[in-house]
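Thank you all for coming; I would like to take a few minutes to walk through one model with you.

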Amino acid sequence: MPRTWTDMDDFEAFLDDGGIVEVDDDMPDEYRNAVFAFIEMHANSELMGGLTERDWIPRTPGLRHKMSVLAKTQDEIGHGHLLYMVAADMGIKTRTEMLEDLFAGRSRFHNVFHYKAHTWGDQVAIAFLVDAAALASQQAVFKNCSYGPYRRILKRIISEEGFHMRLGEDRMMRIAEGTETQKQIFQDSLDRWFWPALQLFGPDSKPNDVLLRWHIKSERNEVLRDKWVQKFVPMLHSYGFSVPAPDLSYDDETGKWDVGPIDWEPLKRTLAQGGPDSERRIREARENWERTAWVRAAMEQPDTVGATT
Ligand SMILES: [Fe+2]
Ligand SMILES: [Fe+2]
């Protein structure tokens, strides 16, 4: 039985009580639009991340790593697939409309997928830093998410993202035990990816952030970002790498690391599709979509398997 609410106060009281909204419920339009936009951006990011991973299948060194890249590509594309289904069910845009918007540069995806992965070291840094940041953000949503279909899909996605994070740690430990050249390649990658990964969490949450008020997010951006800093700064130091933050400091009293002021301009540029690799990534994703039009056309043909004449 679809639920209805008398007004926004009634709806918010339901959410504050731990209520879960289902797709057929008569949810307020503001909630529907906000949740949809959030899931669409997540879906776009999974797809764009999967395409990056795919680019590395032929270039990945060694069979062991190649198998992991194949599996990760499949996971990320699968996450996108699940999320587009959940978003489309909300009745705002169809899956095709969402994809067309993405390939026309009309919709957003996470900042980290607007940068170029130059070396294998970059791929290690992405799995190590970015997948961990994405996992932390998704766990914070899953913890208390008021939209039922998204929460259920996140359970599956998070379990796979956990593997990606472990994969990143495993790759990082191997490179930390490698030659001086390998370590230098990874340090260069850290220098490129530390700040974009940190900015994945976004600027400090606004006091009136509806995603927090409506229990889509359960944690403020700055809290998640700080937890990530407290985990990764000492970890990188312990493996012999440096953190590319000139104002990095450690507070003996609180026992906490501080990365200093954050320049948010690079993040803003990615949100306007003006990141260092935005143009190529969107164009190649669009070309990939166009090249595979025949598959979609074939799928839409009437099923002739087993037909008799
Ligand atoms: Fe993913
Ligand atoms: Fe991932």
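Let me begin with a definition, since I will be placing residues in helices: helices (H or I, at least four residues) and strands (E, at least two) are DSSP runs, numbered from the N terminus. What you are looking at is a predicted model, in which local features need pLDDT of at least 70 and side-chain atom pairs count only at pLDDT 80 or more, while totals for chains, interfaces and linings use all residues. Residues are numbered from 1 along each chain as its sequence is written, chains are lettered from A and ligands numbered from 1 in the order in which they are written, and side-chain values use heavy atoms, with hydrogens and water left out.

I will start with the metals. Donors here are N, O and S atoms within 2.8 Å of the metal (3.2 Å for Na, K and Ca), and water is not among the atoms, so sites may look incomplete. Which residues coordinate the iron ion (ligand 1)? They are E46 (OE), E76 (OE), H79 (ND1) and E161 (OE), at 1.8 to 2.2 Å, and along the chain these donors follow the spacing E-x29-E-x2-H-x81-E. E46 lies in helix α2 (residues 29-55) and E76 in helix α3, so this pair ties together parts of the chain that are 30 residues apart in sequence.

The iron ion (ligand 2), for its part, is coordinated by E76 (OE), D131 (OD), E161 (OE) and H164 (ND1), at 2.1 to 2.2 Å, and its donor residues are spaced E-x54-D-x29-E-x2-H in sequence. Here E76, in helix α3 (residues 63-88), and H164, in helix α6 (residues 148-176), form a pair that ties together parts 88 residues apart in sequence. The two iron ions, ligand 1 and ligand 2, are 3.6 Å apart, and E76 coordinates both.

On geometry, four donors count as tetrahedral if all angles lie between 85 and 135 degrees; four count as square planar and six as octahedral if opposite donors are over 155 degrees apart and all others between 65 and 115; anything else is irregular. The four donor atoms of the iron ion (ligand 1) give angles of 91 to 145°, and the site is irregular; around the iron ion (ligand 2) the four donor atoms subtend 89 to 151°, which makes that arrangement irregular as well.

Are the coordinating side chains buried or exposed? Taking buried as under 20% relative accessible area, exposed as over 50% and partly exposed as in between (1.4 Å probe, protein chains only), both E76 and H164 are buried. For E76 the relative accessible area is 6%, and E46 is likewise buried, at 5%.

Staying in helix α6, we find E169, which counts as buried at 13% relative accessibility. A polar contact of 2.7 Å joins its side chain to that of R166; by polar contact I mean a pair of N or O atoms within 3.5 Å, where within protein one must be able to donate a hydrogen and the other to accept it, and residues adjacent in sequence count only if both atoms are side-chain atoms. Setting aside residues up to four places away in sequence, E169 also touches F128, K231 and M235, with contact meaning heavy atoms within 4.5 Å.

Next come the salt bridges, each a side-chain nitrogen of Lys or Arg within 4 Å of a carboxyl oxygen of Asp or Glu. How many does a search of the whole structure find? The search finds 25, and E40, K93, D101 and R106 are linked in a network of them.

E180 and K183 form a salt bridge with the closest N and O atoms 3.4 Å apart, and, being three residues apart in helix α7 (residues 180-199), they are separated by about one helical turn; E180 is exposed at 60%, whereas K183 is partly exposed at 24%. K227 and E219 meet at 3.4 Å, N to O, with K227 partly exposed at 48% and E219 buried at 18%. D55 pairs with R54 at 3.1 Å, and here D55 is partly exposed at 22%, as is R54 at 28%.

Finally, R220 sits in the loop between α8 (210-213) and α9 (221-238) and is partly exposed at 29%. Its side chain makes a polar contact of 2.8 Å with that of E222, and, leaving out residues up to four places away in sequence, R220 touches S205, K206, P207 and L212.
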